[in-house]
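Trainee: I have this one open on my screen. Can you walk me through it?

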Amino acid sequence: MTLKTNLMAAALVGVVTAPAFAEEVKIGVPSWTGAQAIAHVLGEVVTSRIGGTVEYVPGNNATIFQAMDQGEGDIDVHPDVWLPNQESFTNQYVDEAGTVTLSSNPYEGNQGFCVSKDFGEANNITDIADLGRPDVAALMDSDGNGMGEMWIGAPGWASANVNEVKVRDYGLLDFIEPIRAEEAVKTARIKDSIAKGEGYAFYCYEPHAVWFMFDVMMLTEPTFDPEKYVMVQPSDDADWYEKSMVATKDDLKQVQIAWSNSLVDRSPAIAEFFANFALTTSDVSGLAFEISANGRDPAEVAKDWVAENSDRVDAMLGL
């Protein structure tokens with residue numbers, strides 16, 4: 001009886017002292033470099049400082065937000081929510097459904113269109129309207145179809161939808177062919193065009209590694225005017241392209257992380273860290289540069305950043 005009693009007592013102690021749950025998180029990873037960098041910084045802090053487990057799940061904005069809304073742990077966090085670009089998702093899941101939380105610690109983003117400085121200066125290209133000059137469009141025509149190519153973003157990017165509308169509403173469609181492709185394709189094309197002295201224009205934004213990698217310049221656009229910026233995303237209306245009108249520069253962006261509300265119950269320490277997480281524009285540009293320009297693994301870059309910024313990480317963890 002004594003042995004049986006002791007075994008039962010030991011079992012009870014084990015039940016009482018064992019963790020009620022394991023801190024774990026699945027981090028969504030969109031295709032752009034800044035998002036990949038931030039995703040791995042989040043993951044590095046979770047594994048090295050909280051002692052949790054992390055899984056990285058590639059996905060576009062719609063996929064990540066839908067998974068966060070479902071709250072089943074398929075994807076728990078979006079590392080790089082650009083607003084108002086992704087406002088259709090935050091309106092649906094943060095404001096209306098109340099299933100997703102948006103961080104209150106954003107960094108600032110700026111969006112536009114770029115050319116290399118050499119190309120711009122050689123052809124007096126300073127404004128977006130200059131891309132509609134026939135001589136400039138001809139210099140940007142790499143496939144001989146009579147249209148200059150301009151990269152507007154990757155498939156699945158909300159910003160690419162905005163840029164497609166802009167090309168139309170800036171009156172460029174007779175001269176410019178908007179191209180959607182993965183960001184790696186754009187980066188390779190910038191490098192190739194500079195090496196060959198060819199013309200090329202592309203959607204650009206900061207923070208981003210491109211500012212460290214190449215000598216590029218952002219073109220001017222009409223000053224942001226909310227009355228001329230009416231953007232309807234495909235997730236809101238199948239006729240989004242016809243119902244949108246964007247003939248002005250984007251306003252400065254607020255960029256932050258978002259996570260599933262279900263994470264608070266499943267992994268409260270991770271959720272608390274996410275609520276305190278904050279990076280600067282300079283942080284993200286530096287991280288992206290290490291990944292894109294220096295070809296380093298995002299996990300390795302994130303590990304170094306966390307080690308070099310231990311005081312800031314401590315503050316995010318409430319230590």
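Mentor: We will go from the overall picture to a few local details, bearing in mind that this is a predicted model.

Trainee: What is the average pLDDT of the protein, then?
Mentor: The average is 92, and 93% of the residues score at least 70.

Trainee: And where is the pLDDT below 50?
Mentor: Over residues 1–20. That stretch also has zero contacts in the model beyond near neighbours in sequence. Where pLDDT is low, the predicted coordinates should not be read in detail.

Trainee: Fine. How many helices and strands does the protein have?
Mentor: There are 15 helices and 12 strands. Along the principal axes, the C-alpha atoms fill a box of roughly 95 × 40 × 30 Å.

Trainee: What share of the residues is buried?
Mentor: Of the 319 residues, 47% are buried. The exposed surface comes to about 14,400 Å², with 53% of it supplied by carbon and sulfur atoms.

Trainee: What about contacts between residues 24 or more positions apart?
Mentor: Taking contacts with a separation of 6 or more, such pairs account for 74%.

Trainee: Which residues does the UniProt domain annotation cover?
Mentor: Residues 24–308, in an unreviewed UniProt entry that gives the domain as "ABC-type glycine betaine transport system substrate-binding". Over that range the chain is 42% helix and 22% strand.

Trainee: Next topic: strands E1 and E2. Do they run parallel or antiparallel?
Mentor: Parallel. E1 is residues 24–29, E2 is residues 53–58, and six bridges join them.

Trainee: Which helix makes a β-α-β unit with them?
Mentor: Helix H2, residues 33–50. The unit is right-handed.

Trainee: Now the prolines. Is the bond between Leu83 and Pro84 cis or trans?
Mentor: Cis, with omega at about 15°. Pro84 sits in the loop between strand E3 (77–83) and helix H4 (87–96).

Trainee: And from Glu206 to Pro207, cis or trans?
Mentor: That peptide bond is cis too, and omega is near 10°. Pro207 is in the loop between strand E8 (201–206) and helix H9 (210–213).

Trainee: One last residue. What is phi of Asn124?
Mentor: Near 55°, which is a positive value in a residue other than glycine. Asn124 is in the loop between helix H5 (117–122) and helix H6 (134–139).

Trainee: Is Asn124 buried or exposed?
Mentor: Exposed, because its relative accessible area is 57% and the cut-off for exposed is over 50%.

Methods
Residues numbered from 1 in each chain as written. Predicted model: local features only at pLDDT ≥ 70, side-chain atom pairs only at ≥ 80, totals over all residues. Heavy atoms only, no water. Pairing = 2+ DSSP bridges. Helix = DSSP H or I, 4+ residues; strand = E, 2+ residues; numbered from the N terminus. Right-handed = clockwise from strand over helix to strand, strands pointing away. UniProt positions renumbered as here; feature names shortened; annotations may be inferred. Buried < 20%, exposed > 50% of the residue type's maximum accessible area, 1.4 Å probe, protein only. Contact = heavy atoms within 4.5 Å. Areas by Shrake-Rupley, 256 points an atom, 1.4 Å probe, with all protein chains shown as cover. pLDDT = per-residue confidence, 0-100.
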